[in-house]
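Biologist: I'd like you to walk me through this one, step by step. Please spell out your terms as we go.

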Amino acid sequence: MKISDSVVMITGAGQGIGEQTARRFAAAGAKVGLIARTESKVAKIRDEIVAAGGDAIAIRCDVSNEEDVINAVKTMEEAYGRIDVLVNNAASFRGGLVEEMSLEDWQYVIRIILDGTFLCCKYTLPGMKERRYGRIINICSAAVSHPFKTYSCYAAAKSGLLAFTKTAQEEIREYGINMNCLTLGLIHTEEVKKRNNFDWDLLLQPDDVANSIMFLASDEGRGYKGAALELFGDYQ
């Protein structure tokens with residue numbers, strides 16, 4: 001499966017890493033499903049991709065909502081016939097000290113990161129198993145091994161994502177499906193800039209992450225199964 005032949009579903013595609021990854025896949029000739037809660041964001045990106053000669057569709061979807069995910073997968077399969085690559089990039093950060101964080105904020109982060117990844121995998125895997133081919137890339141975080149104050153919920157969710165990836169890979173290994181994690185350090189995105197103050201020129205860029213995602217989605221990355229690749233750059 002060459003990138004130019006692939007159909008790619010990307011969650012959290014309205015900005016940052018998701019947006020840049022979508023643009024890179026589309027520029028390489030892939031058909032791209034842009035998934036996000038805010039339809040206007042992905043619609044704008046879709047229009048720009050199509051204007052540049054690419055092929056993309058925009059789908060409003062809250063990945064923590066099962067019906068939304070079912071509809072998103074159905075829409076993509078109706079438009080393109082299949083889904084070859086799933087990039088679980090959608091995430092949310094609500095930080096705070098443990099004793100000050102509300103249960104609602106804790107559960108919200110867990111729903112987006114863990115429930116969202118589970119649901120997207122649940123409804124794309126049947127088609128991948130039937131075709132005996134698929135690539136799933138889950139976006140993890142350095143927070144799983146590098147403690148940061150106020151990141152306890154985010155770190156817990158991303159740690160669960162890492163364990164999910166390694167365990168689920170054993171369920172799909174015989175079907176020719178690869179599921180891997182990219183464990184990211186700080187990336188130069190608007191969301192990171194809201195919470196930190198660094199030398200932004202030294203941070204990894206969304207394009208660096210997109211390159212790694214495309215590698216794992218390609219045949220060159222076929223040997224990686226249940227791996228957690230660290231992409232930290234100069235800041236860990």
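Biologist: Which residues of α7 do Gly16, Ile17, Gln20, Thr21, Arg24 and Phe25 in α1 meet?

Modeller: First, this is a predicted model, where local features need pLDDT of at least 70 and side-chain atom pairs count only at pLDDT 80 or more, while totals for chains, interfaces and linings use all residues. Residues are numbered from 1 along each chain as its sequence is written, and side-chain values use heavy atoms, with hydrogens and water left out. Helices (H or I, at least four residues) and strands (E, at least two) are DSSP runs numbered from the N terminus, and contact means heavy atoms within 4.5 Å. On that basis, those α1 residues meet Pro206, Asp207, Val209, Ala210, Asn211, Ile213, Met214 and Ala217.

Biologist: At what angle do the axes of α1 and α7 cross?

Modeller: Two packed helices are described by the angle between their axes and the distance between the axes. Axes are lines fitted to C-alpha atoms, for helices over the stretch in contact, and angles run from 0 to 180 degrees between N-to-C directions. For α1 and α7, the axes come within 8 Å, and they cross at roughly 55°.

Biologist: What does that make α1 relative to α7?

Modeller: Angles under 35 degrees count as roughly parallel, over 145 as roughly antiparallel, 65 to 115 as roughly perpendicular and the rest as oblique. The α1 and α7 axes cross at roughly 55°. That makes α1, relative to α7, oblique.

Biologist: Is the crossing of α1 past α7 left-handed or right-handed?

Modeller: A crossing is left-handed if the near helix is turned anticlockwise from the far one by less than a right angle, and right-handed if clockwise. When α1 passes α7, the crossing is right-handed.

Biologist: How far apart are the end C-alpha atoms of α1?

Modeller: α1 covers residues 16-27, which is 12 residues. The expected span of a helix is 1.5 Å times one less than its number of residues, so α1 should span 16 Å. The model agrees with that, putting the end C-alpha atoms at a separation of 17 Å.

Biologist: Which residues of α2 make the contact with α1?

Modeller: The axes of α1 and α2 come within 10 Å and cross at roughly 20°. The two helices are therefore roughly parallel to each other. From α1, the contact uses Glu19, Ala22, Arg23 and Ala26, and from α2 it uses Ile45, Glu48 and Ile49.

Biologist: Over to α3: which exposed residues does the face turned away from its buried side carry?

Modeller: α3 (residues 66-80) buries Asp68, Val69, Ala72, Val73, Met76 and Tyr80. Seen down the axis, these fall within an arc of 130°, so they line one face of the helix. The face turned away from them carries Glu67 and Glu78.

Biologist: What is the relative accessible area of Ile137?

Modeller: Ile137 is found in strand β5 (residues 134-141). Among the residues it touches, not counting those up to four places away in sequence, are Val85, Leu182, Ile213 and Leu216. Ile137 is buried, at a relative accessible area of 1%.

Biologist: And what is the relative accessibility of Arg132?

Modeller: Arg132 is found in the loop between α4 and β5. It has a positive phi of about 55° although it is not a glycine. Arg132 counts as partly exposed, with a relative accessibility of 49%.

Biologist: Where is Thr150 found?

Modeller: Thr150 is another residue other than glycine with a positive phi, near 75°. It is partly exposed, with a relative accessible area of 32%. You'll find Thr150 in the loop between β5 and α5 (152-172).

Notes: Buried means under 20% relative accessible area, exposed over 50%, partly exposed in between (1.4 Å probe, protein chains only). The arc is that of the directions from the helix axis to the C-beta atoms.
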